[in-house]
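Take the points in order and find each residue as you go.

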Amino acid sequence: MIKENYNVIGVMSGTSLDGVDLAHIEFTIIGKIWHFNIRETQTVPYKSEWVTLLKNAISLSKTDLERLDQTYTKLLASIIKNFISSNKLSEIDAVCSHGHTVLHQPHKGITLQIGNQKEIAHLIDQDVVCDFRIDDVKLGGQGAPLVPIGDKILFSQYDYCMNLGGFSNISYSHNNVQVAYDISAVNTILNHYANQLGLSYDDKGGIAKRAIVNEELLTELNYLEYYKKNYPKSLGFEFVKEIALPLIEKYNSTTEDKIATFTKHIAIQIANALPNKEGSMLITGGGAYNTFLIEEIKRLVPKLKIVIPDSKTIEFKEALIFGLLGVLKLRDEINVLKSVTGASMDHSSGKIHKKII
């Protein structure tokens with residue numbers, strides 16, 4: 001589908017389990033330069049029972065996972081359909097959906113994003129581009145991160161693009177090659193402990209700011225094996241459940257102090273990840289609203305200009321870029337870079353499910 005203008009919906013569900021992000025986007029290519037306009041947006045929060053189901057999906061049997069996939073596909077379809085209807089959207093080229101990651105073990109050749117069943121196209125009566133990670137894993141890649149090609153195409157004016165979501169991930173160009181990888185857990189840990197205090201999240205980092213850092217725990221966190229690995233590398237909820245949380249729980253700190261310690265840990269690992277501590281860095285994702293975390297990053301890299309964009313870009317950048325990945329797939333153009341995933345080749349990844357006419 002080669003043309004100059006595309007009208008798509010980007011759909012993203014992240015590991016922080018905030019809900020489903022939907023963005024109506026108009027893409028235009030003029031010459032070889034892509035432009036975008038984020039129109040209507042919405043985040044549909046998960047009901048508590050869905051948060052529990054998705055959080056525990058990693059422990060399900062194959063049969064139960066397949067059942068969950070079917071149920072989640074129907075849930076996602078209803079959310080997308082309502083978004084289209086309530087915003088009176090028409091002439092949509094495609095719905096470009098990431099689905100929700102429940103298993104990510106690329107070293108075993110496994111990655112599973114539920115909600116990408118073929119029937120979703122029929123349920124929403126739209127063409128759907130989805131399942132972007134599995135092809136990369138088959139080619140020996142990590143299946144992640146996928147956002148960097150969007151950073152390269154849409155946000156090249158910044159030296160670094162940083163997303164602070166369930167995990168932190170960075171993207172930048174080095175010798176004209178795009179480099180990107182997951183740095184550490186972020187909201188998967190912070191929200192876990194905020195939930196123990198009866199809160200959804202640590203608002204503006206207020207808890208972390210008032211609490212005390214456990215220096216011994218901080219040191220142990222900073223020496224985790226993952227941080228010694230060279231990129232390409234990526235993280236999944238398995239890292240949180242099997243490594244990070246058990247380590248934190250060894251310490252008899254208050255919940256507030258655990259939040260403070262991990263917030264400082266996030267900032268340290270971000271600073272460590274920057275090969276050059278100068279230039280500009282765009283920060284998006286829910287963590288961009290964590291004022292204290294941003295202050296900690298600024299304190300560690302004072303010569304770096306940190307840019308916090310408008311709220312639509314902060315909250316819907318991943319949905320925006322999955323929209324772009326879908327458009328590139330429709331054009332049969334490269335949408336996954338081997339330099340960031342470790343795959344054997346650059347490729348055009350994803351499945352196209354056509355609506356039934």
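1. Let's start with the surface. The chain exposes about 15,900 Å², and carbon and sulfur atoms supply 50% of that area. Keep in mind throughout that this is a predicted model. On the inside, 57% of the 357 residues count as buried.

2. Now the overall build. The chain has 13 helices and 13 strands. Its radius of gyration is 20 Å, close to the 21 Å that the globule rule gives for 357 residues, so the chain is as compact as a globular protein of that length. Then look at who touches whom: among contacts with a separation of 6 or more, 70% are between residues 24 or more positions apart.

3. Next, find the sheet with five strands. It is an open sheet with mixed pairing, and the strands come in the order S10-S9-S8-S11-S12. Strand S10 (177-185) and strand S12 (304-307) are the edge strands, each pairing on one side only. From one strand to the next, the twist averages 20°. A reminder for your notebook: strands of a sheet pair through backbone hydrogen bonds, and the pairing can be parallel or antiparallel.

4. Zoom in on strand S9, residues 167-174, which pairs with S10 in the antiparallel sense over eight bridges. Two bridge partners are handy for checking this on screen: Tyr172 goes with Val179 of S10, and Phe167 goes with Ala185 of S10. On its other pairing, S9 meets S8, again antiparallel, over four bridges. Here you can look for Met162, whose bridge partner in S9 is Ile170.

5. Is S9 largely enclosed or left open by the rest of the structure? Six of its eight residues are buried, so S9 is largely enclosed. "Buried" here means under 20% relative accessible area.

6. Both turns beside S9 deserve a look. S8 and S9 form a hairpin with two residues between them. The hairpin of S9 and S10 also has two residues between the strands, and Asn175 there takes a positive phi near 55°. That is a positive value in a residue other than glycine. Is Asn175 buried or exposed? Asn175 is exposed, because its relative accessible area of 67% is over the 50% cut-off.

7. H12 lies across strand S8 (160-164) and strand S11 (279-284), and runs at about 80° to S11.

8. Which residues of H2 are buried? The list is Leu65, Leu68, Asp69, Tyr72, Thr73, Leu76, Ala77, Ile79, Ile80, Phe83 and Ile84. When you look at the numbering, remember that an α-helix has 3.6 residues a turn, so residues three or four places apart point the same way.

9. Follow the chain on past H2. Lys88 comes after the helix, and its phi is positive, near 50°. Then there is Glu91, in the loop between H2 and strand S4 (94-97). Glu91 is not a glycine, yet its phi is positive, about 50°. Glu91 is exposed, with a relative accessible area of 72%.

10. Last, two peptide bonds to check by eye. A cis bond joins Ala144 and Pro145, with omega about -10°. Pro145 sits in the loop between helix H4 (134-138) and helix H5 (148-154). The bond from Tyr231 to Pro232 is cis too, with omega near 5°. You'll find Pro232 in the loop between helix H8 (215-222) and helix H9 (237-249).

Definitions and conventions: Residues numbered from 1 in each chain as written. Predicted model: local features only at pLDDT ≥ 70, side-chain atom pairs only at ≥ 80, totals over all residues. Heavy atoms only, no water. Pairing = 2+ DSSP bridges. Axes fitted to C-alpha atoms, helices over the stretch in contact; angles between N-to-C directions. Contact = heavy atoms within 4.5 Å. Rg over C-alpha atoms; globule rule 2.2 N^0.38 Å. Buried < 20%, exposed > 50% of the residue type's maximum accessible area, 1.4 Å probe, protein only. Areas by Shrake-Rupley, 256 points an atom, 1.4 Å probe, with all protein chains shown as cover.
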